[in-house]
Amino acid sequence: MAFVNWLKRNLVVIAGLLTLAYLLLPNVIVTVFSFNQPKGRFNYEWQQFSTEAWKDPCGVAGLCDSLSLSLQIAFWATLGATALGTMIAFALVRYRFRARGAINSLIFLPMAMPEVVMAASLLTLFLNMGARLGFWTVLIAHIMFCLSFVVTAVKARVMSMDPRLEQAAQDLYAGPFQTFLRVTLPIAAPGIAAGALLAFALSFDDFIITNFNAGSTVTFPMFVWGSAQRGTPVQINVIGTAMFIVAVLFVLASMVIGNRRKRRTA
Amino acid sequence: MTTTLTEAPPPLDATAPQQKPPRRRGRWTPYWLLLPGILWLVVFFALPLVYQASTSVQTGSLEEGYQVTWHVATYWEALSEYWPQFVRSVAYAAAATVLCLLLGYPLAYLIAFRAGRWRNLIMILVIAPFFTSFLIRTLAWKTILADGGPVVEVLNTLHVLDVTSWLGWTSGDRVLATPLAVVCGLTYNFLPFMILPLYTSLERIDPRLHEASGDLYARPVTTFRRVTFPLSMPGVVSGTLLTFIPATGDYVNASLLGSTDTVMVGNVIQSQFLRVLDYPTAAALSFILMAAILAMVTFYIRKSGTEDLV
């Protein structure tokens, strides 16, 4: 009876942890299979333990080129989307202007549209203009779909900002530029950072829009997609696992730094 | 979803006046700030939609070029040929959305109310998979659901597969390359998009409301049904939209985990555009998909009475 009661009380915890397991199971598989030595071309069945792939992560033709291309695109897309998105967010929160409703919908719609529709329509534009598909078309597309997410992230932060801080700065004889640089920007920074991080992750991992607009350019997700047809090298799992570890360490480090700063100011 | 990641500090003074943008100086400043970004969206998001609409009513061939001939029949032909893929996409996406809600709610609830000092850790674990390419993670499901693998064996022993085969969700003792595998992949891929908004709205609920409800002799189930769930409605609505919309247009899961019997409309658009090169049909299909989703979303938002969400 005690057990039944305990079960009743913790049912939601058990269900939640099961969901968490469902979410993390593929990552476990990816990690475990990065130590596999598959027999055929595909790395779907466990054969035997090996660290070969970890010793030579670039051992597959084109893999590391695609990885570096994806990193470059993600870097520039993040830079572009964050700059443009932050400007829009400030304008939306701080100023009154005409056509606000239309602008809000224009920012909301890309997030409410299936990726395949955006991808296909952008391709018709590029085809009509006779643009050569490649690095630039992918970059243009990535900035386009990351923009709305940056706006949302930065807007949330700027909205919660006390406008009197800027007034105080101006009372203390700071010019508009100085106020922005010394007061506004530092306060908005976490929102901008969150937006940039999101843009980077979205761009780096984007497949559908890239698939339509890349031509013969191969980004990392395109490489994985191609290898799903031709044969999956173990190195893909190595890169996947390494990315996961780096990301978790990055988040943990930023949390530790954040906590320490909080303690210092408290 | 990022709003959950950045903690908003409390305002310095709770009675701080809500700012009304009053600036006289720099009347043109907002327009300069908006110009580059909005221009980008107009040229590379809105304009392409116009081009796509125009392409869908063109006729011609790749060699001779296309001309706008207002050939609306393309829409009719596309619909009559590919309606099964449309129906299938909506059905799979709906199933995945319901599954996401059923699976995601307990986890969001756990993080919001029961996790205590584990909250941040669980939160990281929910977000962390994002940082491994989703294609690699989707491929991992090929291993998990492999024929004769442990998952399939267990389901077989429990006779679950007999039931799902009878329903047409799986075929024989295979899970891979069946509708169940595709829905499983879709659910997995979009689950975090359900959990994060759910968590955001659950976290805002004052836990004392639960106590008050208990004090008024409501059983936990009643408390959930009458207090917690209604208050989490904004999260439920935005979570279902964030899973349903991308799931409908997805073609990755159907390609990697499905078979020719699980082709979704995204697959058709992709192959028409990139392999068959029948641009008018592809554009028409994509346009129908967009219109259908916008109609469904508008109806859903009206119904759930959360217009202010958008």
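## Briefing: helices, core and chain contacts

A:Ala199 touches A:Ala77, A:Thr78, A:Ala81, A:Thr82, A:Cys146, A:Phe149 and A:Val150, leaving aside residues up to four places away in sequence. This is a predicted model, and A:Ala199 is also among the residues with the most contacts inside its largest nonpolar core.

**The core**
- The largest nonpolar core has 145 residues.
- Alongside A:Ala199, the residues with the most contacts inside this core include A:Ile88, A:Ala120 and A:Cys146 from chain A, plus B:Ala108 and B:Leu285 from chain B.

**Chain A as a whole**
- You'll find eleven helices and zero strands in chain A.
- Chain A has a radius of gyration of 23 Å, whereas a compact globule of 266 residues would come in near 18 Å.
- Along the principal axes, the C-alpha atoms of chain A fill a box of roughly 70 × 70 × 35 Å.
- Of the 266 residues in chain A, 41% are buried.
- Take the contacts in chain A between residues at least 6 apart in sequence: 77% of them join residues at least 24 apart.

**Helix H1 of chain A**
- H1(A) takes a bend of about 60 degrees at A:Asn10.
- Its end C-alpha atoms span only 39 Å, against the 45 Å that a straight helix of 31 residues would cover at 1.5 Å a residue.
- Buried residues in H1(A) are A:Gly16, A:Thr19, A:Leu23, A:Pro26, A:Asn27, A:Ile29 and A:Val30.
- Those buried residues pack against helix H11 (234–265) of chain A, and also against H2 (73–114), H3 (119–127), H4 (134–144) and H7 of chain B.

**Where the chains meet**
- On the A side 81 residues are in contact with 83 residues of chain B.

**A loop glycine**
- A:Gly134 sits in the loop between helix H5 (115–129) and helix H6 (135–159) of chain A.
- A:Gly134 counts as partly exposed because 13 other C-beta atoms lie within 10 Å.
- Not counting residues up to four places away in sequence, A:Gly134 touches A:Ala214, A:Gly215 and A:Thr217.
- A:Val218 is 84 residues from A:Gly134 in sequence, yet the two are 8.8 Å apart in space, C-alpha to C-alpha.

Technical notes
Residues numbered from 1 in each chain as written. Chains lettered and ligands numbered in written order. Predicted model: local features only at pLDDT ≥ 70, side-chain atom pairs only at ≥ 80, totals over all residues. Core = buried A, V, L, I, M, F, W, Y, C linked by C-beta atoms within 7 Å. Buried ≥ 20, exposed ≤ 12 C-beta atoms within 10 Å, placed from the backbone. Contact = placed C-beta atoms within 7 Å. Helix = DSSP H or I, 4+ residues; strand = E, 2+ residues; numbered from the N terminus. Expected span 1.5 Å × (residues − 1). Bend = angle between axes of the 7 residues up to and from the residue. Rg over C-alpha atoms; globule rule 2.2 N^0.38 Å.
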